[in-house]
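This briefing sets out the fold of a single protein chain, with attention to its sheet and to the packing of its helices. Please read it alongside the sequence and the model shown here.

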Amino acid sequence: MFSFFNRKNNNEEVPSWASFFNHSEYITFIYEIEQYFSKLDIPFEIADGIITLVDNEFGLNNLGLNNVAQNCKQNKPKDYKEIICDHFNLLIEANKFAEEFDLIANKFEDVKKYIAVRLYNKDYVDYIGEEFAIGRKFEGDIYAMIVFDLPYSITNISPDQLKKWGKTENELFEIGIQNIKENYPQTITKEKFGFFDIWFANADHFFTPNIVYDLENHKELSGSKGLLIGIPHRHTAIIYPIENLEVVKAMNGILPAIYNMNIEGPGSLSNKVFWYNNGVFTEIPYKIEDGRLIIIPPESFLDLLNELC
């Protein structure tokens, strides 16, 4: 078992992967990591931001330390022990749940409650391989994927699983959308944005963008000419009800805001803006060049603006 504190001195430099720590913070962090696994009597080695575990009943092997280290850095050294314990206890619980879940994964009625639909940027789907996912294009660069929403993780459902259940993609979409509506009620607030009002959906979970599947049930979102909608990241949706030509001014403020929020994240989804009307989502293309907003509205949206004049 490698131990930082078994060395004759611990004055070596902080490694590059933990460069956000000062030396004292790093020593405290490593000490608490070693204490945690020593108390579990699990042999380990730490190198290059990875802790390698062997001979343990939890099924854990190579674990990255960067996330828990960054979390510790945002707190005081006296809190490192609790943060580290919470982090790895959660990993152990998640791994145990995953093993138990694997035993029932082919029993549709047992796992039905975990089925969900989550919106992703198409780049993510291309990265994991669309052939390994079940889903469909939503609009623009957004892809709707059928996933398992588990207590400790969100994982995509493979096409092979669909065959084992004997279910159709449409059936899973219906179940997944309904599960999210029931498990994650949307909180929508009206806020002042410059000289006009917009509606915000905000939450800590990853399914806030799913409000696009429930717009008809939110009577406060009742623009007579439809809605402008942006879902810049996994925690936020921005919605503007369209009633009159004020929409032109609103677009000049909303589009750059969505663009910047998408860059900032976390969990960036899309910098696109959509016009929702009569159940149809239509992208309103735009670009920002040299600080200038250039909107390229589709013909159908131009017809709307002419109608409002």
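In this predicted model, 43% of the 309 residues in the chain are buried. The chain contains nine helices and 15 strands. Its C-alpha atoms fill a box of roughly 80 × 50 × 30 Å along the principal axes. Of the contacts between residues at least 6 apart in sequence, 57% join residues at least 24 apart.

- An open sheet is formed by three strands in the order β1-β2-β3, and their pairing is antiparallel.
- The edge strands, each of which pairs on one side only, are β1 (44-47) and β3 (62-64).
- From one strand to the next, the twist averages 20 degrees.
- Three bridges join strand β2 (residues 50-53) to β3 in the antiparallel sense; in β3, G64 is the bridge partner of I50.
- In general, the strands of a sheet pair through backbone hydrogen bonds, in either a parallel or an antiparallel manner.
- Helix α1 (residues 23-39) lies across β1, β2 and β3, and the helix runs at about 160 degrees to β1.

**Packing of α2 against α3**

- Helix α2 (residues 66-73) and helix α3 (residues 80-104) have axes that come within 10 Å and cross at roughly 150 degrees.
- Because angles over 145 degrees count as roughly antiparallel, α2 and α3 are roughly antiparallel to each other.
- The crossing of α2 and α3 is right-handed.
- On the α2 side the contact involves V68, N71, C72 and K73, which meet Y80, I83, I84, H87 and F88 of α3.
- Sorted by class, the residues of the contact of α2 with α3 comprise six nonpolar, two polar and one charged.

**Packing of α8 against α9**

- Helix α8 (residues 246-264) packs with helix α9 (residues 299-308) at an angle of about 135 degrees, and their axes are 10 Å apart.
- The two helices, α8 and α9, are therefore oblique to each other.
- V247, V248 and M251 of α8 make the contact with F301, L305 and L308 of α9.
- The residues in the contact of α8 with α9 are six nonpolar, with no polar and no charged residues.

Conventions: Residues are numbered from 1 along each chain as its sequence is written. This is a predicted model: local features need pLDDT of at least 70, side-chain atom pairs count only at pLDDT 80 or more; totals for chains, interfaces and linings use all residues. Side-chain values use heavy atoms; hydrogens and water are left out. Two strands pair if DSSP finds at least two bridges between them. Helices (H or I, at least four residues) and strands (E, at least two) are DSSP runs, numbered from the N terminus. Axes are lines fitted to C-alpha atoms, for helices over the stretch in contact, and angles run from 0 to 180 degrees between N-to-C directions. Contact means heavy atoms within 4.5 Å. Angles under 35 degrees count as roughly parallel, over 145 as roughly antiparallel, 65 to 115 as roughly perpendicular and the rest as oblique. Ala, Val, Leu, Ile, Met, Phe, Trp, Tyr, Cys and Pro count as nonpolar, Asp, Glu, Lys and Arg as charged, and the others, Gly among them, as polar. A crossing is left-handed if the near helix is turned anticlockwise from the far one by less than a right angle, and right-handed if clockwise. Buried means under 20% relative accessible area, exposed over 50%, partly exposed in between (1.4 Å probe, protein chains only).
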